[in-house]
Amino acid sequence: MKSALLISSTVLAAAGGWIAATMFAAPATSKEPRFPQLTMDQLSAAQKPLGEEIMKISSVGIGGPYNPLMRSPVLGQRLFDLFHYLRWETSVPTKLNEFAIIIIGRQWRSQVEWFAHAPLAAKAGLSADIIAEVKEGKRPSKMAEDEAVVYDFVTELTTTQKVSDETFARAKKVFNDQQIVDLTAVAGNYVMVAMILAMAEETVPPGKEPPFKVGEK
């Protein structure tokens, strides 16, 4: 995959760091993980090709959602291909795409989604103020027109299960048809990812601070 070859060494280092931390750090609690963290050496012949592809592009290695998905490697491969499009080939600009992902991460209070994607959103040019206000559960106070459309479109769709004519008309002013469809798909995809992470009780690597604290709204 051409885009995967462009991934930086820092991302690959982060992937390795996740695996190393998970392998060697003491568990935070005495509860057994629902899906013990797999390592590349543990992968079966059916799992290894997917694992090798994931390691080329994932900031969490085969941790995060990939750890439970490895248990269903055919599904995992299908979803990985979808993730690849929605991250690297989507028609939505990277900054806005990552913005949509962290909106979903905040709605679900998904530790892994926020941990992985808030830095990517910042790297893509989303302002620190916007990221901070989303993390606080607020509609950001200062957004460009396209950012405001993404926030309102994704939030409305995921919380009311519809998009009003007014919001859709605003989206049509800044996005073409493909971008509107791709924006909808990335939001829905990361709801699914958040569900997988919640079901599997996946969290940030040992020794890392969870973005969302217990008791916070």
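## A buried glutamine in a loop

Gln47 is buried, with a relative accessible area of 13%; the cut-off for this class is under 20%. The value comes from a predicted model, as do the other values in this report. Gln47 lies in the loop between helix α1 (9-24) and helix α2 (48-57).

The side chain of Gln47 reaches the backbone nitrogen of Ser44 at a distance of 2.9 Å. Leaving aside residues up to four places away in sequence, Gln47 touches Leu38, Gln42, Met70, Arg71 and Pro73.

## The chain as a whole

The protein chain contains 10 helices and zero strands. Read from the N terminus, the order of elements is accordingly written α-α-α-α-α-α-α-α-α-α. Of the 217 residues in the chain, 44% are buried.

Contacts between residues at least 6 apart in sequence can be sorted by separation. Of these contacts, 67% join residues at least 24 apart.

## Helices α8 and α10

Helix α8 covers residues 145-160 and helix α10 covers residues 177-200; their axes come within 10 Å and cross at roughly 55°. The two helices are therefore oblique to each other. Their crossing is right-handed.

On the α8 side, the residues in contact are Val150, Phe153, Val154 and Leu157, and they meet Ile180, Leu183, Thr184 and Ala187 in α10. By class, the residues of this contact comprise seven nonpolar, one polar and no charged.

## Helices α5 and α8

Helix α5 (residues 94-107) also packs with α8: the axes come within 10 Å and cross at roughly 35°. This crossing, too, is right-handed. From α5, the contact involves Lys95, Leu96, Phe99, Ala100, Ile103, Ile104 and Gln107. From α8, the contact involves Asp146, Glu147, Val150, Tyr151, Val154, Thr155, Thr158 and Thr159.

The residues of this contact divide into eight nonpolar, four polar and three charged.

## Helices α5 and α10

The axes of α5 and α10 lie 9 Å apart, and the helices pack at an angle of about 35°. Their crossing is right-handed. Asn97, Ala100, Ile101 and Ile104 of α5 make this contact with Leu183, Val186, Ala187, Tyr190 and Val191 of α10. The residues comprise eight nonpolar, one polar and no charged.

## Two residues with positive phi

Arg109 is not a glycine, yet it has a positive phi of about 50°. Arg109 is placed in the loop between α5 and α6 (111-123). With a relative accessibility of 25%, Arg109 counts as partly exposed.

Glu201 is another residue other than glycine with a positive phi, in this case near 55°. Glu201 is located in the segment after α10. The relative accessible area of Glu201 is 39%, and this residue is partly exposed.

Methods: Residues numbered from 1 in each chain as written. Predicted model: local features only at pLDDT ≥ 70, side-chain atom pairs only at ≥ 80, totals over all residues. Heavy atoms only, no water. Axes fitted to C-alpha atoms, helices over the stretch in contact; angles between N-to-C directions. Helix = DSSP H or I, 4+ residues; strand = E, 2+ residues; numbered from the N terminus. Parallel < 35°, antiparallel > 145°, perpendicular 65-115°, else oblique. Left-handed = near helix turned anticlockwise from the far one by under 90°. Contact = heavy atoms within 4.5 Å. Nonpolar A, V, L, I, M, F, W, Y, C, P; charged D, E, K, R; others polar. Buried < 20%, exposed > 50% of the residue type's maximum accessible area, 1.4 Å probe, protein only. Polar contact = N/O pair within 3.5 Å; in protein donor to acceptor, adjacent residues only side chain to side chain.
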